[in-house]
Structure formats: C-alpha cells, structure tokens
Amino acid sequence: MRRLNRKKTLSLVRELDAFPKVPDSYVETSASGGTVSLIAFTTMALLTIMEFSVYQDTWMKYEYEVDKDFSSKLRINIDITVAMKCQYVGADVLDLAETMVASADGLVYEPAIFDLSPQQKEWQRMLQLIQSRLQEEHSLQDVIFKSAFKSASTALPPREDDSSQPPDACRIHGHLYVNKVAGNFHITVGKAIPHPRGHAHLAALVNHDSYNFSHRIDHLSFGEPVPGIINPLDGTEKIALDHNQMFQYFITVVPTRLHTYKISADTHQFSVTERERVINHAAGSHGVSGIFMKYDLSSLMVTVTEEHMPFWQFFVRLCGIVGGIFSTTGMLHGIGKFIVEIIYCRFRLGAYKPVNSVPFEDGHTDNHLPLLENNTH
C-alpha cells in the first residue's frame with residue numbers, strides 16, 4: 001500500500017512538472033541561435049554586475065516634520081580669525097529681543113598671524129573648491145553625510161613654520177549655548193559690557209585707523225559637531241577694503257537628525273546669504289563696523305536616513321533580468337528568423353519566371369510552366 005501511494009504521489013508530481021524535458025535528439029541547433037544565446041549571456045552578465053553595484057550602494061532618504069523641541073539650548077561652534085589684535089575686538093550674542101546678552105565665556109581669544117602658511121593655504125583652496133562644487137551639485141552633500149567620521153579632519157592644519165612675525169590678528173574660537181530663537185552673533189570693536197537696555201562695546205578707546213575687519217572663517221556650525229561634515233562658511237575669507245566696513249551673514253538654521261550606518265547624530269544644517277558694505281553716514285549707509293551673523297531657526301526638522309536595497313528586492317530584480325532577457329531574445333530571434341524566411345522564399349519564387357505563354361482563342365494567355373516529359377527510350 002505504501003509503495004502504491006508513493007507511486008501515485010510521484011505520478012501526480014510528474015504531472016505538475018512545468019518544465020518538460022525534451023530529448024537531445026529532438027533539439028535542433030543553429031548558428032543564429034548560438035549567436036543570439038551568446039549575446040543574451042553577455043548582456044545578462046553585464047546587467048548582473050551593474051545590478052550588484054546598485055545593491056551595494058546606499059542612498060539618503062529625507063523626511064520632514066515640525067520641530068517640537070523649543071526648550072533645549074542651541075550650540076554654536078565658532079573658529080574665526082580677525083585681522084585685529086585681541087584687545088581691540090569683542091564678540092557676543094544677542095537674542096531676538098536684543099535684551100539678553102548670551103554668555104560668551106566659552107570663547108577663547110588667541111593671538112595669531114592672519115596670513116596662512118603654504119600648507120594652510122593649500123587646505124583653504126581645497127575647501128573653497130569643495131564649497132563651489134557643493135553649490136553646483138547638491139547631491140554631493142549625500143556623499144559627505146555617508147562619509148562622516150571616515151574622512152580626514154576638516155579643521156585648519158597647524159602652522160608648520162616657526163614664523164618670527166609678531167601676531168597681528170586674533171583667533172576667536174570655542175562654543176556658545178544660546179536659546180533656540182533668532183539671534184545675532186557679532187564681532188565688533190571693543191569689549192562688550194552689560195547694559196540695562198541691552199549691551200555696549202568700549203570702542204572709544206580704540207584708534208579708528210586700526211579698524212580692520214578682514215576675517216577668515218575656519219569653522220562655523222550649529223549643534224553638536226560632526227567630524228567630516230563641511231559647513232557652508234568653512235574656509236570663507238573676506239578682505240576689508242575700508243576701515244569702516246560691515247560684513248553681514250544672514251543664516252537660516254535647519255535642525256537635522258542624521259542616521260547612517262556609521263553614525264547617528266543630532267546636528268544642524270544652514271544656508272547663508274552674504275552682504276558687505278562700507279559705513280558712510282554722509283551717504284546714508286548707517287551701522288557699525290564689524291562682523292554680524294544673524295541667524296534664524298526653521299520650524300521644520302529634517303531626518304536624513306541612509307537606506308539600502310533589501311536582499312529580496314535584489315533577488316527579484318535579478319530574476320527579472322535573467323527571465324526578461326531570455327524571453328526578449330527568444331522573441332527577437334523568432335521574429336528575425338520569420339522575416340528572413342519570408343525574404344528567402346520570395347527570392348526563390350522570383351527565380352522561377354514563365355518561359356513562354358500560349359494564347360487561347362478568347363485572347364487569354366497560359367502562363368503556366370510546361371510539364372516536363374520523361375524521355376524514355
């Protein structure tokens with residue numbers, strides 16, 4: 001009974017076979033079929049390699065939502081060199097109402113040389129080249145996100161030459177924690193002092209001829225710093241052509257959550273618009289000489305996630321490539337063979353033309369070929 005059931009089961013399974021086998025003696029091969037098969041296998045190999053490279057690659061997915069975090073502090077990371085001595089300049093931050101002065105205790109004033117060394121100039125040229133490419137090709141930002149923590153440090157390299165030149169500039173670097181509202185970070189003449197109605201700078205003790213707000217922004221970012229990320233103002237250098245010159249940067253900060261296969265960080269992206277002008281009260285250009293960075297926070301938060309093609313999708317696409325090429329090349333080969341046979345048959349039929357025509361009594365002619373007679377002797 002068991003053997004009988006096994007035979008019935010095997011017979012049922014054989015009937016369900018969707019891939020019937022044809023004996024080799026019934027299969028006819030041809031040179032055209034071999035050529036098409038070779039082309040099909042080559043195409044399948046190339047597309048499989050390309051599909052595998054797509055499977056290995058990743059892409060960045062952007063999602064947007066309303067930023068509901070209003071109570072936390074915003075960190076500002078600063079590294080700016082101003083072409084004035086440290087005792088002549090002061091930096092601070094004001095909020096939107098300009099009534100509360102943020103603490104600037106986290107900033108360090110370090111005497112420095114404004115001119116860069118050859119190695120540092122090469123670093124600055126490379127950084128400015130990357131910035132120009134980022135403005136033209138926004139997709140490069142995805143490459144920077146994915147390569148975070150893997151690329152070399154983006155900080156200004158240390159000076160390699162021992163210059164005997166005395167310091168003629170002031171490097172202001174460090175970080176500040178401010179409220180998550182619009183504010184104004186500025187560097188101007190004189191140290192900042194508290195004032196009941198806002199703040200003031202002791203600019204009267206500084207000679208007007210010593211004003212020089214030529215500056216270089218080695219780094220400016222918002223949020224926790226992420227190594228390898230290049231920010232829009234990194235490497236920017238401005239040269240003042242007048243003592244009374246104002247440099248303004250209007251910055252829009254966008255909170256960003258970055259999730260890649262390497263890191264997960266809460267950072268901030270920002271866009272910037274630049275403007276500079278000479279202060280001339282007689283010509284109607286009012287203001288204060290200095291460097292002003294007015295920032296505003298976006299109400300939207302961007303979540304950037306690195307995604308990868310799942311294996312099942314890669315397998316389905318691979319099966320589609322193999323099956324699709326087999327079917328397509330088979331159809332094209334059949335159509336081509338059919339067209340060739342039609343042309344060949346017409347060519348052969350055209351070779352048999354009537355030899356003569358026999359007229360009938362009613363005026364018609366007989367165009368049929370004469371029958372061949374067997375000569376039997």
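This is a predicted model: local features need pLDDT of at least 70, side-chain atom pairs count only at pLDDT 80 or more; totals for chains, interfaces and linings use all residues.

Reader: Good. How many disulfides does the count come to?

Author: One disulfide, taking a disulfide as a pair of cysteine sulfur atoms within 2.5 Å. Cys 86 is joined to Cys 170, with 2.3 Å from S to S. The two cysteines come from distant parts of the chain, 84 residues apart: Cys 86 sits in the loop between β2 (73-82) and β3 (89-95), and Cys 170 in strand β6 (residues 169-179). Those labels are DSSP runs numbered from the N terminus, with helices being H or I of at least four residues and strands being E of at least two.

Reader: Which hand does the disulfide of Cys 86 and Cys 170 have?

Author: The torsion about the S-S bond is about 100°, so this disulfide is right-handed.

Reader: And is Cys 86 buried or exposed?

Author: Cys 86 counts as buried, at 11% relative accessibility.

Reader: What about Cys 319?

Author: Cys 319 counts as partly exposed, with 41% relative accessibility.

Reader: Switching to charges. How many salt bridges does the count come to?

Author: The count comes to 10 salt bridges. The rule is a side-chain nitrogen of Lys or Arg within 4 Å of a carboxyl oxygen of Asp or Glu.

Reader: What does Asp 79 pair with?

Author: Asp 79 meets Arg 171 in a salt bridge, 3.0 Å from N to O. Asp 79 is in strand β2 and Arg 171 in strand β6, so the pair ties together parts that are 92 residues apart in sequence. Asp 79 counts as buried at 13% relative accessibility, whereas Arg 171 is partly exposed at 26%.

Reader: Which other residue forms a salt bridge with Arg 171?

Author: Glu 110 does, with the closest N and O atoms 3.5 Å apart. Glu 110 lies in strand β5 (residues 107-112) and Arg 171 in strand β6, so this pair ties together parts 61 residues apart in sequence. Glu 110 itself counts as partly exposed, at 33%.

Reader: OK, and what does Arg 75 pair with?

Author: Arg 75 forms a salt bridge with Glu 224, the closest N and O atoms being 3.7 Å apart. That pair links distant parts of the chain: Arg 75 is in strand β2 and Glu 224 in the loop between β10 (215-222) and β11 (236-238), 149 residues apart. Arg 75 is buried, with a relative accessible area of 16%, and Glu 224 is partly exposed with 45%.

Reader: Which residues are linked in a network of salt bridges?

Author: Lys 61, Glu 63 and Glu 307 are.

Reader: Helices now. How long is α3?

Author: Helix α3 (residues 118-136) has 19 residues and reaches 28 Å from its first C-alpha to its last, close to the 27 Å expected at 1.5 Å a residue. That expected span is 1.5 Å times one less than the number of residues.

Reader: Which residues of α3 are buried?

Author: Gln 120, Trp 123, Gln 124, Leu 127, Gln 131 and Leu 134. They cover an arc of only 95° around the axis, which puts them on the same side of α3; the arc is that of the directions from the helix axis to the C-beta atoms. The face turned away from that buried side carries the exposed residues Pro 118 and Glu 136.

Reader: And α2?

Author: Helix α2 (residues 31-56) has 26 residues and reaches 38 Å from first C-alpha to last, close to the 38 Å expected. Its buried residues are Gly 33, Ala 40, Met 44, Glu 51 and Tyr 55.

How values were computed: Residues are numbered from 1 along each chain as its sequence is written. Side-chain values use heavy atoms; hydrogens and water are left out. Buried means under 20% relative accessible area, exposed over 50%, partly exposed in between (1.4 Å probe, protein chains only).
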